[in-house]
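Colleague: I would like to learn how to read helix packing and ligand contacts. Please take them one at a time.

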Amino acid sequence: MNLYGVHRWGCGFFGVADSGNVFVDAPLESGSRRIELTDVVAELKSIGFEMPIVLRLENLITARVTQLNQAFRNAIESTNYKGDYQGVFPIKVNQQNHVIEHLVRCGDKFAFGLEAGSKPELLIAMASLRNKESPLICNGYKDREFIDLGLNAVRLGFRCFFVIENLHELDLILERSKTLGIEPLLGARIKLSTKVEGNWQNDSGDRSLFGLTTIQLITLVDKLKHVNKLHLLEMLHFHLGSQIPNIRNIRDGVNEACRYFIDMTKEGANLKYLDLGGGLAVDYDGSASTNQNSRNYDINEYCIDVVEAIDNALTPLGIPHPTIITESGRWLIAPMSILLFDILAVEEFAANQKIKSESGNSGIDNWCEPVLCLFDTESNFDQHRLQENYNDTIYNLDQSRRQFSSGKISLREKAIAENTSLRILNRIVNLVPSLPYPSPELLDLKDKLADIYYGNFSVFQSLPDAWAIEQIFPVMPIHRLSEMPTKNGVIADLTCDCDGKLDRFFVDSASSGSLPLHELRSGEDYLLGVFLVGAYQETLGDLHNLFGDTNVASVRITGDREFEFLELINGDNVADLLSYVEYQPKLLLEQFREMTMASFNDGRISLDEAENTVAVYSAALKSISYLTSS
Ligand code: PLP
């Protein structure tokens, strides 16, 4: 089924099997192997692992690390480029232990490194990296402790670079280096003038928060020259922003950075590395366009463009080609994770056939004007005058609401007006696709009449970017895909927040405010997956309404329909969540027990009832925050 565009955003990993279930294709050394997500879910269910679940597919990390390194190698081989490529993974994009461990393991043969932007991340990197050829890039602001840690990493033989973000850091680094007797490896982060499109455009341009201005860069060079340490400056670093949709911005950025590289070399710097930061984008909506949820290039074009741009700039001047470093996080890790959740209920936006509208049954003899007009529109419905039917319906619906507010019509009459309108509008919406030139209002009607599917998850915890920056993530049912969906829905989460919803999708190659979905079947789960959520989402998620971390299952695909669970991590239970906001669950239980016993002492409840009530409270503390089927 092409409706959900999985063939476009699926990165070659996801698709729909003949069974109607979503499959994952994992490239293994012995060829690609396929599993269906429903098989994984069934196994998890059989061991009592409940929805919502974040599924991490370890094989997809290996596949992406290999693809990235291979694409750069191919680009280097196909040009005149004499330098090398090394990637690093920015830990902030997904800091989870299992993810970093696996990245380091599968990146080892490419001397793939890590990027740390804080002390905790540096501690992770220092304890995780094994290959001493792998770069360890320290970005962000650094204090004495951070610098001492990095210098100790150098002492251990790591290629640990301090990327200088401001000039104060330099003095501290030189001072600590002298005290500890360890020569640092230095990089300079530059502020490029190149501006990028998309969500992160403030990371680029003259007013970006990070990096050195040209004046500061020259001051840095002079300072290092002054203390005879310019040879320590081996790396030039820039970062234009995350998710750069347009390849032209990337080329412009590399071209501009090369100008810095050339003149810094002329100034006497011993530059051996050019670090392009992150920005390699993911095609979340599958449109292959320059909108912020997509990109107009693929990995091969990205690598070729970068390599060629550096080659073209440096070769004519006889400047040795640097090792290219990228800090791609999103592209590397997004496909790895899928958020799976079940639909708990659906609120339909259809008319209620049971509301009585005949005068005898309703007890109303003389219908008010708006209701009479709506009855008239319905009985004289003309499919060749859809816009007129629509206009009349909306007008009279509005009139009924005004008249209700001013006390002229009753609650029942208002209900009849709304119910009749819904009947008419649902009739119109079914006919809109047959119109050659439907108006924007008629086109919007589908979304306005969309049912609300209530999902067992929290947008704020599991998909924070969907709320914060209106990011589109691909969403689709993971089963029943050989059956055409007959409904249209938006997805509401469990939080009591009007922003806790998914209502931006890409359907049938176009953006849409609702998603085609199936009707629920009684006694059967209806499972949805949100794909490409491996980057940033787990880390940025918050505890809105105290919905905590979901369950997490790390899976390794081992063969066709064969997989193993590497790790099953239970989500936060209610007691965990309460302690995050400074409650002491034990104390709460005690307080509650005392209150219950006071009710027993007052004779309000029996001892049995008191014990039961305390047991219910105590069990709730141990349960997870999401809804369970038990
Ligand atoms: N490097 C730096 C310095 C960053 O700030 C970021 C994120 O914004 C990245 C790398 C990762 O970017 P992306 O996930 O787009 O590859």
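Modeller: Two packed helices are described by the angle between their axes and the distance between the axes. In this predicted model, α7 and helix α8 (residues 214–226) pack at an angle of about 20°, with their axes 10 Å apart. That makes α7 roughly parallel to α8, as angles under 35 degrees count as roughly parallel. Axes are lines fitted to C-alpha atoms over the stretch in contact, and angles run from 0 to 180 degrees between N-to-C directions. Helices are DSSP runs (H or I, at least four residues), numbered from the N terminus.

Colleague: Which residues make the contact of α7 with α8?

Modeller: Contact means heavy atoms within 4.5 Å. From α7 come L167, L170 and D171, and from α8 Q216, T219, L220, K223 and L224.

Colleague: What is the angle between α6 and α7?

Modeller: Helix α6 (residues 144–155) and helix α7 (residues 167–180) pack at about 50°, and their axes are 10 Å apart.

Colleague: How many residues surround the ligand?

Modeller: There are 14, counting a residue if one of its heavy atoms lies within 4 Å. The closest are K92, S242, E327, G329 and Y536. A polar side-chain atom of E327 lies 2.6 Å from a ligand nitrogen atom. A backbone N or O atom of R330 is 2.9 Å from an oxygen atom of the ligand.

Colleague: Which conventions apply?

Modeller: Residues are numbered from 1 along each chain as its sequence is written, and side-chain values use heavy atoms, leaving out hydrogens and water. Local features need pLDDT of at least 70, side-chain atom pairs count only at pLDDT 80 or more, and totals for chains, interfaces and linings use all residues.

Conventions:
Helix = DSSP H or I, 4+ residues; strand = E, 2+ residues; numbered from the N terminus. Polar contact = N/O pair within 3.5 Å; in protein donor to acceptor, adjacent residues only side chain to side chain. Parallel < 35°, antiparallel > 145°, perpendicular 65-115°, else oblique.
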